[in-house]
Amino acid sequence: MDTSKLFAGKRVLITGGSRGIGAATARRLGALGAHVGVGYRSEAGAAEDVAADVRAAGGNAVTLKGDVAVPADIEALVEGAHKGLGGLDVVINCAGIMQNALLGDITADHCRAILDTNVTAVALLTKAAARVLSAPGGRIVHISSRLAYGPMPSTALYSASKAAVSTLVHTFAKELGPRGITINAVAPGIIETDMTAASLAARRDGIIAQTPLARIGQPDDIAGIAIFLASPEAGWITGRTIIADGGLQ
Ligand code: NDP
């Protein structure tokens, strides 16, 4: 099969498309001929750079500003992608935040910030997308985390938020399945992005030593899995979370 054609003309909204895993996913989809809505919250210049790379690689791109922690912005992002791309076939939700706090430092604001962006947004984005996604064949991919399955001190809220992503995906699959829309998640181990710069500066060698594949994961390692789940080839997978961590112990 010629997999280079799988995304030709497919209309894809990527949240968190300005940096990290979302940016890598957008660039790869551009090379596969997709029309990409590059979602971002604050980094307009970075989003424009990604959009330019998508176009240079052969795809089309629009940039879409919106804070997924704000419900009205989610509606605007989905509507903007639907109008700007002429329809919507795929949503890949890479917007997310990580903030760590030990038990004694947890506050209501800490909980709200993480849950708004990492959990409520997953539910509301799925709801908004489900209204306009092409069906059958629509695809939704969210990003969970290996920390959902192996939490560490100070990651309680983040780990819980990512466990919620996997549970939401599992549940929504049962509602979307009858329409032929799949919804899945990827749970990465540590990936080298802005989000993990401090952790990697402190623990890079130790993480490599604990990783059978003996390197630090890169955004492209996750982009490839998200793109597979978003492709027609993944039509018999729904409600699942794929853990991708290089075998981290
Ligand atoms: P980065 O910090 O590198 O990039 C985050 C992206 O999300 C940026 O594009 C940012 O936009 C966007 N974003 C953040 N908050 C919001 C918001 N409220 N509304 C809209 N956009 C937002 O993160 P990563 O690429 O590393 O992470 C992507 C996803 O993968 C996240 O869900 C993260 O939790 C998850 N993950 C990451 C891992 C890692 O090791 N890196 C491991 C496991 C999971 P802008 O720049 O415009 O603010």
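**Entry 1: the enclosed space**

On a 1 Å grid over the protein atoms alone, a cavity is a set of points where a 1.4 Å probe fits but cannot get out, and a pocket is an open set with protein on both sides within 12 Å along at least five of seven lines; a lining residue has an atom within 4 Å of a point. Grid points are joined across faces, edges and corners, and a volume is the space filled by probe spheres set on those points.

I note at the outset that the model is predicted: local features need pLDDT of at least 70, side-chain atom pairs count only at pLDDT 80 or more, and totals for chains, interfaces and linings use all residues. Residues are numbered from 1 along each chain as its sequence is written, and side-chain values use heavy atoms, with hydrogens and water left out.

I looked up how many cavities of 30 Å³ or more the structure holds. There is one. The largest cavity contains about 30 Å³ of space. I listed its lining as Asn93, Ala95, Thr117, Asn118, Val122, Ile143, Lys162 and Val165. Helices (H or I, at least four residues) and strands (E, at least two) are DSSP runs, numbered from the N terminus. The most comes from α4, which gives three residues.

I then sorted the lining of the largest cavity by class and found four nonpolar residues, three polar and one charged. In this scheme Ala, Val, Leu, Ile, Met, Phe, Trp, Tyr, Cys and Pro count as nonpolar, Asp, Glu, Lys and Arg as charged, and the others, Gly among them, as polar.

**Entry 2: the second largest pocket**

I found about 190 Å³ of space in the second largest pocket. Its lining has 15 residues, and those nearest the centre are Arg215, Gly217, Asp221, Asp245 and Gly246. By class, I recorded eight nonpolar, four polar and three charged residues in this lining.

**Entry 3: the ligand**

Which residues are closest to the ligand? I found Arg19, Ser42, Tyr158, Ile191 and Thr193, within a shell of 31 residues that surround the ligand. A residue is counted as near if one of its heavy atoms lies within 4 Å of the molecule. The shell has 13 nonpolar, twelve polar and six charged residues.

I next looked up polar contacts (pairs of N or O atoms within 3.5 Å; within protein, one must be able to donate a hydrogen and the other to accept it, and residues adjacent in sequence count only if both atoms are side-chain atoms). The side chain of Tyr158 places an N or O atom 2.6 Å from an oxygen atom of the ligand. For Arg41, a polar backbone atom is 2.9 Å from a ligand oxygen atom. For Gly16, a backbone N or O atom lies 3.3 Å from an oxygen atom of the ligand.

Taken alone, the ligand exposes 900 Å², and the protein buries 97% of that. These areas come from the Shrake-Rupley method with a 1.4 Å probe; for residues, only the protein chains shown count as cover. The elements that give two or more residues to the shell are α1 (20-31) and α5 (156-176).

**Entry 4: loops and backbone**

I began with the loop between β5 and α5, where Ser154 is found. Ser154 is not a glycine, yet its phi is positive, near 85 degrees. Thr155 is placed in the loop between β5 and α5 as well.

Is Thr155 buried or exposed? Thr155 counts as buried because its relative accessibility is 4%; the cut-offs are under 20% for buried, over 50% for exposed, and in between for partly exposed (1.4 Å probe, protein chains only). Thr155 and Leu102 are 53 residues apart in sequence, and their C-alpha atoms are 7.5 Å apart in space.

Ala214 lies in the loop between α6 (197-209) and α7. Its phi is positive, about 60 degrees, although Ala214 is not a glycine. With 49% relative accessibility, Ala214 counts as partly exposed.

I found Thr238 in the loop between α7 (219-229) and β7 (241-244). Thr238 is partly exposed, because its relative accessibility is 31%.

Ser18, in the loop between β1 (11-15) and α1, is buried at a relative accessible area of 11%.

Finally, I looked up the peptide bond from Ala135 to Pro136, which is cis, with omega near 0 degrees. Pro136 sits in the loop between α4 and β5 (139-143).
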